[in-house]
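Welcome! Grab a pencil and work through these exercises on how two chains meet. Try each task before you read its solution.

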Amino acid sequence: MSLGSHLARARERLGFRQEDVAKRLGVTRTMVSYWEADRRTPNDRQVAALARLYTVSPHSLESGEGIETRDEEIAMLFRGADTALPLGARPGVEQFREFVDGYSRLAEAAGVEIRGMLQSPFPPVSGAPSLDDARRKAEEVRAHLRAGLGPVADLDAVCELLGITVYRAALGSDLKETISGGFFAHPTIGFSLLVNVEMTPGRRRFTIAHELAHALFHSGPRVKFILSGTDKNPRERFADWFAGEFLMPIEGIRRVIEEHDMGAKITDPGSVIHIQRYFNVSYATALVRLRQGKFLSPASYEDFKSVRPVLFARALGYDTTDDEYIQDPDDWRILRFPRRFLRLLRTAVREDLVSASTAAQLTGLSLDEITELVGDQAFQGEQDRRELGEFEITGIGT
Amino acid sequence: MSSRSPESEPESTVVDTVVLRYFLLVDRVDILFGVLGSPLVLSRIVFDPDDPRADELSMSEIVRSIHVQTRRASDPTRTREDREQARKNGERLSTVSELVAEGQMAVVDMTEEERRLFMGLTSVRETGEFGIRLPLGYGEAATLAVALGRDLVFATDDNDALRALDSIAPGHPRKRIRAILIEAADAGIITRAEANALHEEMRDLGFWDRESPFPDL
C-alpha cells in the first residue's frame with residue numbers, strides 16, 4: 001500500500017470528495033487524483049494539511065496504520081447507535097473523538113486527574129417512557145442541581161458541575177439529513193456531549209439538554225455512543241421531552257405567565273417571544289412547551305408558527321445576535337472547547353508542561369490563539385490549578 | 001542523519017515558527033541575520049511562499065498567523081487598540097515573503113529520511129521515545145528533522161522540541177531567542193538595553209520566556 005492509497009482511504013472514510021479536498025487545499029481536483037494515484041507527491045505543507053483535514057497523524061498517512069484501526073473503532077462505536085452516521089457529519093464526529101482522546105492525553109501529561117462523570121447518579125430509563133416520566137426525570141435533575149423553576153442560564157456550567165464535557169463541531173446545516181449532536185462515554189474523560197454548531201443558539205441549547213438526558217438516563221455498560229438525528233424512537237422522544245421539561249418546566253412557565261398577567265391562554269405571539277427569551281430557548285421549543293402546558297390553543301399554535309421570531313424579538317426591543325440569523329462554524333474556533341479543558345491547556349502551557357506549539361497542534365488552533373489564551377489574565381494560575389480537578393454540585397440558584 | 005564531529009559548528013541555521021514569528025513581530029529580523037547568518041533555512045510547513053492561502057487548515061504556520069492577525073484587525077468585537085496591534089502584526093509578519101524572494105531565507109522540503117523522523121515526532125504512539133508527552137507541532141517537528149538531517153543549528157524556543165532534541169542528539173547546537181538577543185548585544189548589533197526592550201516587547205506579544213537577556217541592567 002502506498003501514500004496515494006492511504007490518502008484515498010482516509011478521504012473516503014470521512015466522506016470527502018476529491019473536489020472538497022482540492023478546495024480546502026487550494027489545488028485542482030486533478031492534483032488530488034494524482035496524489036492518490038501516486039503520480040505526484042504532496043509537499044510538506046500539503047501533507048500537514050491533509051493530516052489535519054483527515055484527523056490522522058502524518059505517520060498514519062504514510063504508513064496506513066491507524067486509518068483502518070480508526071475506521072474499525074468508529075464502526076464499533078456506532079454499531080449500537082440508533083441513527084446511521086451521515087457522511088457530512090463524519091469529520092465533526094472524528095474531531096470530537098480526537099478531542100476527547102487529546103484531552104485525556106493532555107490531562108495525563110499535566111498530571112491532572114479528570115474526575116468526569118463515569119456513571120450516572122440516576123437510575124436508567126428504558127422501554128417507552130411517557131411525557132410525564134420525562135417531566136419527573138427533569139424535576140429530579142433540577143432538584144439535584146438545586147435549580148428551582150427558573151431559566152438555566154448557562155448549560156455549559158451545568159454540565160461542568162456534573163462532570164460532563166461539552167464539545168462543539170460542525171456537523172452539517174441540513175438538519176433533516178444530519179445529526180444535532182451525540183453522547184460518548186469516554187473511559188477517562190467520562191461523559192462527553194457533542195453539539196452541532198450549525199444550528200441556532202436555541203437549538204444548540206436544546207441539544208445539550210437532549211444529550212444530557214442520554215448521558216443521565218441512557219448510558220450504561222453497553223451504551224457508549226448515541227447519535228441524535230431525526231429518527232424519533234422512544235429513546236430520542238424521551239430525550240426531547242426531557243430537554244423541553246428541563247429548559248422550560250411547566251410550573252416555571254405558569255409562574256411567568258401569572259407574574260406578567262398574560263391570562264389563562266396566550267393570545268399573541270409577542271408573549272411567546274417574551275417567554276422564549278426569558279427561558280433562552282428556541283421559538284419552536286417555546287411554542288411546543290406552551291402547547292404541551294395548554295397555555296396555547298391548537299389554533300394559536302398553528303397560527304404563531306408563521307412568526308419570524310428573531311425579527312419580532314428585535315421589534316420588541318430584544319438584543320439579537322448575528323448567530324441567530326446565520327451560523328458560521330468559523331465563529332467557534334476556541335469557543336468549541338469546554339472551559340475546563342481551556343483552563344487545563346492554559347495551565348499546562350504556563351507551567352511549561354507542554355509548549356505553545358504542542359498546544360496548537362493538539363487543538364488545531366493557531367499559535368496566535370494559543371498565546372492569547374495563555375496571556376489571558378481572567379484566571380490566575382493558582383485558581384486554574386485548584387479548579388482543574390474539581391467537580392462538585394454547589395447549586396445554580398433558583 | 002548526517003554525522004557531525006563535536007568540534008565543528010554548523011554554518012547554517014534552520015529557524016522554527018516561534019523564533020521567526022517573534023523577530024518578525026518586533027520588526028527586527030535583521031538581528032537573526034546578524035547573529036545566525038543568511039540564508040536562514042525554513043521548513044515549508046513554517047512558511048510556504050507558494051501557499052495558495054485557501055482554507056486556514058492548509059496554510060503554512062506564518063501565513064496562518066498573518067491570516068489570523070488580519071481577521072483580528074477587522075473584528076468589531078475587539079478594541080481599537082487590539083485591532084491596530086493586529087494590523088501591525090499582520091504587516092510585519094508579511095515581510096517574510098520579501099525575505100524569501102530576496103534569498104535571505106531558503107524554504108526547504110524534507111528528505112525521505114527527515115520525513116521519517118518528522119512522522120515519529122508527530123505520532124501519538126512514538127512521542128515517548130523522544131522524551132515528550134504529546135506529539136510536537138508540525139512546524140517544530142519539521143524544523144527539528146531538517147536541523148538533524150542537514151546538521152544545521154536548530155533555532156527554537158519550543159521546550160518540547162528541545163526535549164526531543166536532547167533525547168535524540170543531546171549536543172546538537174541550538175539557539176533560543178534570549179541567547180540570540182544576548183549574542184546580538186555582544187556583537188554590537190544592538191545595545192543591552194535594546195535587547196531587554198525587544199525581549200519585553202516580545203513578551204507583550206505573548207512570548208513566554210520570563211527572564212530578560214540582561215536582568216541586572
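The exercises below go from the interface to charged pairs, a helix and aromatic rings.

This is a predicted model, in which local features need pLDDT of at least 70 and side-chain atom pairs count only at pLDDT 80 or more, while totals for chains, interfaces and linings use all residues. Residues are numbered from 1 along each chain as its sequence is written, chains are lettered from A and ligands numbered from 1 in the order in which they are written, and side-chain values use heavy atoms, with hydrogens and water left out.

**Exercise 1. The interface**

Solution: 

Step 1. Count the residues in contact (heavy atoms within 4.5 Å).

Step 2. On the chain A side, A:Asp44, A:Arg45 and A:Asp368 supply 19% of the area buried against chain B, more than any other three residues.

Step 3. Turn to polar contacts: pairs of N or O atoms within 3.5 Å where, within protein, one must be able to donate a hydrogen and the other to accept it, and residues adjacent in sequence count only if both atoms are side-chain atoms. The interface has 30 residue pairs in polar contact, both at pLDDT 80 or more.

Step 4. Find the elements, remembering that helices (H or I, at least four residues) and strands (E, at least two) are DSSP runs, numbered from the N terminus.

**Exercise 2. One glutamine**

Task: Work out which residues A:Gln361 is in contact with, leaving aside its neighbours within four places in sequence.

Solution: 

Step 1. List its partners, which are B:Leu136, B:Gly137 and B:Tyr138.

Step 2. Check the polar atoms. A polar atom of the A:Gln361 side chain lies 3.1 Å from the backbone nitrogen of B:Tyr138.

**Exercise 3. Salt bridges between the chains**

Task: Follow the salt bridges of A:Asp368 and A:Glu372, and say how buried their residues are.

Solution: 

Step 1. Recall the rule: a side-chain nitrogen of Lys or Arg lies within 4 Å of a carboxyl oxygen of Asp or Glu. It finds 47 salt bridges over all chains, and 10 across the interface of chain A and chain B.

Step 2. A:Asp368 meets B:Arg21 in a salt bridge at 2.8 Å, N to O. Because A:Asp368 lies in helix H20 of chain A and B:Arg21 in helix H1 (residues 17–25) of chain B, the pair joins two chains.

Step 3. Compare accessibility using these cut-offs: buried is under 20% relative accessible area, exposed over 50%, partly exposed in between (1.4 Å probe, protein chains only). A:Asp368 is buried at 1%, and B:Arg21 is buried at 2%.

Step 4. Now take A:Glu372, whose closest N and O atoms with B:Arg72 are 3.4 Å apart. This pair also crosses between chains, from B:Arg72 in helix H3 (residues 61–73) of chain B to A:Glu372 in helix H20 of chain A. B:Arg72 is buried at 11%, whereas A:Glu372 is partly exposed at 38%.

**Exercise 4. A helix of chain B**

Task: Find what caps helix H8 (residues 159–168) of chain B and what its buried residues pack against.

Solution: 

Step 1. Start at the N-terminal end, where B:Asp158 is the cap: a side-chain oxygen of B:Asp158 lies 3.1 Å from the backbone nitrogen of B:Asp160.

Step 2. Pick out buried residues of the helix, including B:Ala161, B:Leu162 and B:Leu165.

Step 3. Name the packing partners. The buried residues of H8(B) pack against H19 of chain A, and also against helix H6 (112–121), helix H7 (138–150), strand E4 (153–155) and strand E5 (174–175) of chain B.

**Exercise 5. Aromatic rings**

Task: Classify the ring pair A:Phe122 and A:Phe217 as stacked, tilted or edge-to-face.

Solution: 

Step 1. Use the rule: rings of Phe, Tyr and Trp (its six-membered ring) pair if their centres lie within 6.5 Å, with planes under 30 degrees apart stacked, over 60 edge-to-face and the rest tilted. The structure holds 21 aromatic pairs over all chains.

Step 2. The two ring centres are 5.5 Å apart and the planes are at 45 degrees, so the pair is tilted.

Step 3. Both A:Phe122 and A:Phe217 are buried.

Conventions:
Buried area is the accessible area (1.4 Å probe) that two parts lose on being put together, summed over both.
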